[in-house]
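Biologist: I'd like to learn how to read a ligand site and the charged pairs in a model like this one. Can you walk me through it?

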Amino acid sequence: MSFWGGLFKKQKTDAIYEVKSPNGRINLSFVLEHGRIFYEVEKDGKMIVRRSRLGMELQDMHPLGEGLCVVRAYNRTTDQTWEAKWGEQRVIRDNYNETVIYLEEVVKPARLLTLRFRAYDDGIAFRYEIPAQPEMSQITILDELTEFSFDTNCRSWSIPAFQPDRYEYDYHEHRVRDLKESVHTPLTILTTAGHYVALHEAALYNYGSMTVKLNKRGSLCSDITPLSDGARAHVSLPFSTPWRMMIIENDALDLTTSRLMLNLNEAPREDFDWVEPIKFLGIWWAMYVGEWTWAPGDRHGATTEHAKQYIDYCRDLGIKGLLIEGWNDGWEGDWLQNGVNNKFMVSTPDFNIQEITDYGRENGVELIGHHETVGFVDNYESQLEDSYKYLNKYGVRYIKSGYAGSRMVINGKREFHHSQLGVLHYQRALELAAKYHIMLDVHEPIKSTGIERTWPNLMTREGARGQEYEGGALVPSHACFLPYTRLLAGGMDYTSGIFDVCNYTKRMATTITRQIAYYVTIYSSMQMAADRPQFYKDNYPDLFNFIRNVPLSWEKSVPLFGEIGKSFVVARQAWKKKDWYVGGVTNEEGRRVELYLDFLEEGVNYKAKLYRDAEDAHYRENQLAYVIEDKILRKGDRLEVYMAPGGGFALEILHP
Ligand code: NOJ
Ligand code: CA
């Protein structure tokens, strides 16, 4: 170390660097105090996150995050716009100020660490970058010590982590001080100063997914999903962690229009012009209501005959895709236990894939393939590429995959779905799918961290409690939590559109109208019309019109009304068009909302159709009472709409 270098470093073991959002309202500070690293966040002079520790524990080495000095720092501003392939907003502005701090340990081995901080008008983000360096080529991260020191009195909404059903839980409210067990992100927080924050991560690759809980110091802290050997990740250098991000807004509704997570991901490396959103029916709900079975037998759902019937329905209903579950070898007996033997290139004897895909082609309907892995990743990976090739041969372009089971089996060991090895598997499947021009709808997925910007063939995911839990385990408030929590991480396959709401086996805790509201309130670029098609064609063709017409991508989205867990109303403009669609949902309480139609174009008479609950509708007693009204609407109009308990509405507003 030179004399000047030594002197410089000594001076810089205490320092503060600030980075402000472009509008100056959010301030993110990096603090170096006696060689230890911290950060703080404020908005409009009010504290969001008080001084919080940064650092990592590494195997066979000193922790990283102490005895550091600043070697160099630089600032940079970015302001650009990009166009999405599909999504809730077509044109997205990416505008931030960035400060990068290069740190080095004062004493030997003088390891290097870089911290990258960004401030946006809608939040902040930072990440650790560990450069390649002589003393370290591979490291084992035993713990990430990132604190998020919110006032522990803050209210928050989340689902528990490390549970057998992965992300499929009800949302609950807790004070931050009560988060003693880990919860998943996005974790939504209302600060004591009144700001709404969604704490999440972006660009999760090659690392355990971040959950959070209180640490011994009483601060909220990262709890990275461990591997079966106890480590959080094994990586080679150079390495960057995912972004730790916070959307910060004054109103809960504004969280829903933030594109911070996508902005923190990279642009795609290819054009992905072959990617295309789609609606689909499925040989699916008939299994849930017990009419058909996944396994072969008398009531086997996935037969050539049923497939052809359903293709006819798709054609008649104007739906382009058909999912068929239970088509392959592996569903016999207790499929959740036996899935280790699933074969993805062998169909059951009563399922002729050639005949079905040919018949589909003649009728303008394509097959959505299905791969239920039951989490047996070793078995799946041994067939993965061949199974994609197999589907390619029949012209299949979409796959719904599934990872039911409480753990994955990877390299013979039981691992969490959201561990580093789980993350790596989902990524391998996704990149290979891109190679074969296959689009994915992943159930029991890794949570979204916005990588669909880089890999737009990742069309949608489940990753929350969906309608498969109806028939007892879903409460009306659930879909009123999703927009402010799970859906901040992107689209979800909620399997909407069940019209047989009073079914004896699977009774929905919704009115029938609410089933079409979901197509607007729950974004997904692959949308299922999940019920058996006779309910669409024969029973409710009038309500089905909405499902047929509703777009799969939006020019922009304007939230109109709502409160976490109570209600959500959003208007969305059709992709590259002037039509608008509005959807609303409410919890167990009936609600009359007044909509201000300020988003419409001046001087235009729009032809509108309102699908709403009748005044006496109710999610328990009177689910089928709905009203459809034609209207002419103009900018500035106020429209009063009633949502029954457990109900909702859908509104189509067409530009002439
Ligand atoms: C769970 C998925 O979420 C569901 O959609 C699917 O039907 C079952 N697994 C069987 O694959
Ligand atoms: Ca599921």
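This is a predicted model: local features need pLDDT of at least 70, side-chain atom pairs count only at pLDDT 80 or more; totals for chains, interfaces and linings use all residues.

Biologist: How far is an oxygen atom of ligand 1 from an N or O atom in the side chain of Glu325?

Modeller: A polar contact is a pair of N or O atoms within 3.5 Å; within protein, one must be able to donate a hydrogen and the other to accept it, and residues adjacent in sequence count only if both atoms are side-chain atoms. Here an oxygen of ligand 1 sits 2.7 Å from a side-chain N or O atom of Glu325. The protein covers 96% of the 300 Å² of accessible area that ligand 1 has on its own, with areas from the Shrake-Rupley method and a 1.4 Å probe (for residues, only the protein chains shown count as cover).

Residues are numbered from 1 along each chain as its sequence is written, chains are lettered from A and ligands numbered from 1 in the order in which they are written, and side-chain values use heavy atoms, leaving out hydrogens and water.

Biologist: Which residues are the closest around ligand 1?

Modeller: A residue is near a molecule if one of its heavy atoms lies within 4 Å of it. Ligand 1 has 13 residues around it, and the closest are Trp284, Glu325, Glu372, Lys400 and His443.

Biologist: Glu325 and Lys400 again. How do their side chains meet?

Modeller: In a salt bridge, meaning a side-chain nitrogen of Lys or Arg within 4 Å of a carboxyl oxygen of Asp or Glu. For Glu325 and Lys400 the N to O distance is 2.7 Å. This pair links distant parts of the chain, 75 residues apart.

Biologist: How many salt bridges does the structure hold?

Modeller: The count is 49. In one of them, Arg76 and Glu98 meet at 2.9 Å, N to O. Arg76 counts as partly exposed because its relative accessibility is 33%, whereas Glu98 is at 1% and so counts as buried. Another joins Arg461 and Glu452 at 3.4 Å, and both of those residues are buried. Through shared partners, Arg76, Glu98, Arg116, Arg118, Arg127 and Glu129 form one network of salt bridges.

Notes: Buried means under 20% relative accessible area, exposed over 50%, partly exposed in between (1.4 Å probe, protein chains only). Helices (H or I, at least four residues) and strands (E, at least two) are DSSP runs, numbered from the N terminus.
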